[in-house]
Amino acid sequence: KKCLRRKKCEMFVRNAICGGGIDVGDKNGVTLDDIEVLDVKSWTMDATVANVVIDEERAPRIILAGDAMHAFPPAGGFGMNTGIQDAHNLAWKLAIAIQNERDDDALSSSLLNSYANERKKIASENKTLSVSNYERVLEIPRALGLEPRALDALVFASNALPVPQALKSFAFEKILSAGRMQTVLLENDKKNPLGEYRREAVKRLCGTSGETLKLKFLNEELGFSYAKGVKATNPNVLAVGKRIPHCALINADEGGGTISTIDLGGSNSNFECQFFAITSSSVNVDEDALEEARKMLPKGAALKLVVVSSSSDKKDEKQPKTTTTTKKKGDNGGDNYAIYTDPSNAAWTSILEEYNAKNTSRADDVAEVILCRPDAHVAFVGSFAHLPNAARDATRGHLIVR
């Protein structure tokens, strides 16, 4: 804190905004003289999630995301990943909400509230996990004979001393040096039982089991679910609330490129938020239900049908079976309709078979069509007959769990 005085922090802010230099200013010569740092605080580890994510009492609304919404210990990269996920969830909802706020404020509020509910759920789960991981990391210095909590107590005690700052710093460094003497026992040329014991303890903690110093959390980073009460699981499992499992697909047009199922959403050529419905070439596509679903969409949203076929299918069998034929020449790869091939002949089929084996207690539970949001999270799995209502609810931020 002594090194980071307010004037120096103001300089850091100016340099960050203007790209460095002492006489900072933009290309028009306008300087940033109105920056004032009100206070400088030392960083302290925290684990918290904001109680209120969207302030509905203000106009315009204030929406929190990233570090403004949550703070985690620096153990596992959860702060950055969770913040990026916030933006990924909010972007399409905010785009649709803004375009419909005047005509349908209830829709806009529903969408934004779904952001708050979904992201608070994930942030709370990641907070718990990051704290747990941080505690595991602290086992390393403890194994070396260095108690991390003792440092906090030392800082508090030195600050409480009724002596000048110079004496406080001197006392702090001397006590800290005494604590570091524990590490002398770890030198290889010092043959002593305690040093050997501590070295072996650290080896066990940093072994190949991955129980400590864990830096990869694939389930939590890629397999988290927005469904209420559902914990993160294998990202390759299909479920409402989770991101659509990855499957590499090839555009059925000659010379078509490869795309992941995860990248089928986003936005289309009209800058609309792209929902997408995935079905298999063996399924009878109900075009009437599909068109009815499109009519349910608000301004700024679009729905694309994606048909997945096996590369072993005959060319004429790749065309989907429909109750009515509305596909026009040249539509493939467009905003409304696309046919893709699963080159593995098994990946997409196995995803569907695993889902149907666990979730088909009723006839209309079969995964005829999978409705995904622009952020690639699954909003609905079921029959085409339920697609229109599912599309209406999904564009309001709801998950349709049958």
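A search of the whole structure, which is a predicted model, finds three aromatic pairs. One of them joins W92 and F275 in an edge-to-face arrangement, with 5.4 Å from centre to centre and 85 degrees between the planes. Because W92 belongs to helix α2 (residues 78–100) and F275 to strand β7 (residues 273–280), this pair ties together parts of the protein that are 183 residues apart in sequence. Both partners, W92 and F275, are buried.

Another edge-to-face pair is formed by F224 and Y226, where the centres lie 5.4 Å apart and the planes make an angle of 65 degrees. Both F224 and Y226 are buried.

The overall fold can be described by a few totals. The protein contains eleven helices and 13 strands, and of its 402 residues 39% count as buried. Among contacts in the protein with a separation of 6 or more, 62% are between residues 24 or more positions apart. The accessible surface comes to about 22,700 Å², and 55% of that surface belongs to carbon and sulfur atoms.

The second largest pocket has a volume of about 400 Å³. Its lining is made up of 20 residues, and those that lie nearest the centre of the pocket are A239, V240, Y355, N359 and V401. Helix α10 (residues 347–359) gives the most to this lining, contributing four residues.

Several single residues deserve a separate description, and the table collects their relative accessible areas.

| Residue | Relative accessible area | Class |
|---|---|---|
| S130 | 0% | buried |
| A376 | 1% | buried |
| R142 | 27% | partly exposed |
| F271 | 72% | exposed |

S130 lies in helix α3 (residues 105–137), and its relative accessible area of 0% places S130 among the buried residues. Once its neighbours within four places in sequence are left aside, S130 is in contact with F72, P73, A75 and F78.

For F271 the value is near 60 degrees, and F271 is found in the loop between β6 (258–260) and β7. For A376, which is not a glycine either, phi is about 75 degrees, and A376 lies in the loop between β12 (369–372) and β13 (378–382). With regard to solvent, F271 counts as exposed at 72% relative accessibility, whereas A376 is buried, with a relative accessible area of 1%.

R142 is found in helix α4 (residues 139–143), and with a relative accessible area of 27% R142 is partly exposed; this class applies because the value falls between the 20% limit for buried residues and the 50% limit for exposed ones. Although R142 and V202 are 60 residues apart in sequence, the distance between them in space is 9.3 Å, taken from C-alpha to C-alpha.

How values were computed: Residues numbered from 1 in each chain as written. Predicted model: local features only at pLDDT ≥ 70, side-chain atom pairs only at ≥ 80, totals over all residues. Heavy atoms only, no water. Phe/Tyr/Trp six-rings, centres within 6.5 Å; stacked < 30°, edge-to-face > 60°. Helix = DSSP H or I, 4+ residues; strand = E, 2+ residues; numbered from the N terminus. Buried < 20%, exposed > 50% of the residue type's maximum accessible area, 1.4 Å probe, protein only. Contact = heavy atoms within 4.5 Å. Areas by Shrake-Rupley, 256 points an atom, 1.4 Å probe, with all protein chains shown as cover. 1 Å grid on protein atoms, 1.4 Å probe; cavity = no way out; pocket = protein on both sides within 12 Å on 5 of 7 lines; lining within 4 Å. Points joined across faces, edges and corners; volume = space filled by probe spheres on them.
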